[in-house]
Amino acid sequence: MTNMNKLKIELDIDLHNTLDSGQSFSWQKISNTSNTYKGYFKDTLITVSELNKCLEIEIIGGVKNINLKSEFENYLGRDPKYLDGFDLLSNDNIINPVIKMYPKLRILKQPKWECIVGFITSSCSNLPRIKYHMKLLRELNNYKFPNPYEILSIGEIKLRELGFGFRAPYIINIAEKINNENIYLDELDQISYLKAREELVRVKGIGRKIADCILAYSFDKLESFPVDRHVLNGLIRWYRFPKKINPEKASDRAMNKWGNISSYAQQYIFHRQRLASRASNWGGEHKKFAISSDIN
DNA sequence: GTCCAGGGTGAAA
DNA sequence: TTTCACCCTGGA
């Protein structure tokens with residue numbers, strides 16, 4: 001007898017570094033030893049397991065009338081190896097070893113609204129806390145992620161009670177905008193990266209970094225190069241960007257270098273920087289990356 | 001107990 | 001261009 005709630009997808013993907021390292025705030029590893037993640041995909045509660053060159057998905061709860069296979073496959077984005085300009089990355093001394101280490105890392109195409117709320121929430125916070133806040137929003141709304149209208153009825157005061165702090169009015173603000181302009185998100189999808197970014201940055205609470213994250217991780221605009229403090233340090237350290245360059249200028253410069261594959265360049269640099277700092281926290285060197293191009 | 005930083009942003013100096 | 005407040009939490 002087969003379990004109707006289980007299905008397989010023939011994709012070879014690094015779940016940990018794709019689902020659970022900063023792009024998305026929906027996933028929780030179910031145990032330290034497994035390679036299984038649990039979370040809501042749209043409003044369907046599932047577990048995803050990384051098996052030998054394929055994924056096994058099980059529906060646990062929530063909305064069930066969904067074409068999970070094709071929608072989840074779309075969510076997982078595209079294999080970067082086949083994207084235009086990938087050789088720019090594999091020929092890069094700094095990035096090449098990271099690709100070798102994380103060959104199955106992907107950039108997601110997340111549901112837009114949830115991604116927007118997530119990254120506004122991320123400002124000056126940390127991963128566990130962001131995930132906790134996003135979970136609270138679902139719990140408040142019968143385990144469906146509240147749409148803009150529902151966010152408005154929750155209201156700023158309640159959001160502050162939940163711990164969103166200074167981010168609460170920002171979330172209300174964009175909920176109002178989207179609630180008033182029904183097609184806003186679809187329009188952003190249609191226009192160029194640059195126009196979409198200009199539009200997002202006009203919204204109070206969304207600056208350059210958050211706009212870039214949203215465009216890269218849910219709008220499939222891979223020209224985007226989000227610069228946070230880790231990536232900024234990486235660019236300065238490995239690419240000799242000026243020591244006092246500001247994040248926006250650094251992002252411009254990086255986009256200029258990596259063009260339409262910038263978001264992947266950013267992910268690899270992010271992972272490299274994280275590993276390097278983790279290694280130094282252990283008091284050791286990161287041997288795998290101790291190559292001649294490593295400056296200082 | 002105090003201090004500080006955590007994938008930022010916006011307003012004022 | 002630089003500085004600072006904004007919420008809240010956990011660790012030093």
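# Close-up views of a predicted model

**Figure 1. Surroundings of Ser262 in the predicted model.** Leaving aside neighbours within four places in sequence, Ser262 is in contact with Leu222, Glu223, Ser224, Phe225, Ala254 and Met255. The structure shown here and in the following views is a predicted model. Ser262 has its place in helix α14. Because 26 other C-beta atoms lie within 10 Å, Ser262 is buried. Glu10 stands 252 residues away from Ser262 along the chain, and the C-alpha atoms of these two residues are separated by 27 Å.

**Figure 2. Chain A as a whole.** Chain A contains 14 helices and five strands. Its C-alpha atoms fill a box of roughly 55 × 55 × 40 Å, taken along the principal axes. A compact globule of 296 residues would have a radius of gyration near 19 Å, and chain A agrees because its own value is 19 Å. Of the 296 residues in chain A, 34% are buried. Among contacts between residues at least 6 apart in sequence, 61% join residues at least 24 apart.

**Figure 3. The nonpolar cores.** The largest nonpolar core holds 49 residues, of which Ile120, Ile171, Ile214 and Ala265 touch the most other members. At least two residues of this core come from each of α5 (112–121), α7, α8 (168–180), α10 (193–201), α11, α12, α13 (247–258) and α14 (262–281). Another core lies apart from it and has twelve residues, among them Tyr40, Val48, Phe72 and Leu76. In soluble globular proteins, nonpolar side chains tend to be buried together.

**Figure 4. Contacts of Ile120.** Ile120 is one of the residues that touch the most other members of the largest nonpolar core. When neighbours within four places in sequence are left aside, Ile120 is in contact with Arg167, Tyr170, Ile171, Gly205, Ile206 and Ile210. Among these contacts of Ile120 is Ile171, which is also named with Ile120 among the core residues that touch the most other members.

**Figure 5. The surface near DNA strand B.** DNA strand B is surrounded by 22 residues, and the closest are Gly22, Ser123, Gly207, Lys209 and Ile210. Helix α11 gives the most to this surface, with four residues.

**Figure 6. The surface near DNA strand C.** Around DNA strand C are Cys124, Arg160, Gly163, Gly165 and Phe166. The residues of this surface comprise two nonpolar, two polar and one charged.

**Figure 7. Strand β3 at Thr36.** Thr36 is found in strand β3, which covers residues 36–41. Residues up to four places away in sequence not being counted, Thr36 touches Ile30, Thr47, Val48 and Ser49. Val48 is also among the twelve residues of the core that lies apart from the largest one. Thr36 is partly exposed because 17 other C-beta atoms lie within 10 Å. Leu51 is 15 residues from Thr36 in sequence, and the two are 9.2 Å apart in space, C-alpha to C-alpha.

**Figure 8. Two loop residues with positive phi.** Tyr143 lies in the loop between α6 (127–139) and α7 (148–162). Its phi is near 65 degrees, a positive value in a residue other than glycine. Tyr143 counts as partly exposed because it has 14 C-beta neighbours inside 10 Å. Asp220 lies in the loop between α11 (208–217) and α12 (229–239). For Asp220, phi is near 60 degrees, again a positive value in a residue other than glycine. Asp220 has 18 C-beta neighbours inside 10 Å and therefore counts as partly exposed.

**Figure 9. Leu127 in helix α6.** Leu127 has its place in helix α6. With 12 C-beta neighbours inside 10 Å, Leu127 counts as exposed. The C-alpha atoms of Leu127 and Lys8 are separated by 29 Å, the two residues being 119 residues apart along the chain.

**Figure 10. Confidence along chain A.** The average pLDDT of chain A is 90, and 92% of the residues score at least 70. Over residues 281–296, pLDDT stays under 50, and the model has 20 contacts beyond four places in sequence for this stretch. Where pLDDT is low, the predicted coordinates should not be read in detail.

Technical notes: Residues are numbered from 1 along each chain as its sequence is written. Chains are lettered from A and ligands numbered from 1 in the order in which they are written. This is a predicted model: local features need pLDDT of at least 70, side-chain atom pairs count only at pLDDT 80 or more; totals for chains, interfaces and linings use all residues. A residue is near a molecule or strand if its C-beta atom, placed from the backbone, lies within 6 Å of it. Ala, Val, Leu, Ile, Met, Phe, Trp, Tyr, Cys and Pro count as nonpolar, Asp, Glu, Lys and Arg as charged, and the others, Gly among them, as polar. A residue is buried if 20 or more other C-beta atoms lie within 10 Å of its own, exposed if 12 or fewer, and partly exposed in between; C-beta atoms are placed from the backbone. A nonpolar core is a set of buried Ala, Val, Leu, Ile, Met, Phe, Trp, Tyr and Cys residues joined through C-beta atoms within 7 Å. Two residues are in contact if their C-beta atoms, placed from the backbone, lie within 7 Å. The radius of gyration is taken over C-alpha atoms; the globule rule is 2.2 Å times the number of residues to the power 0.38. pLDDT is the predictor's confidence in each residue, from 0 to 100.
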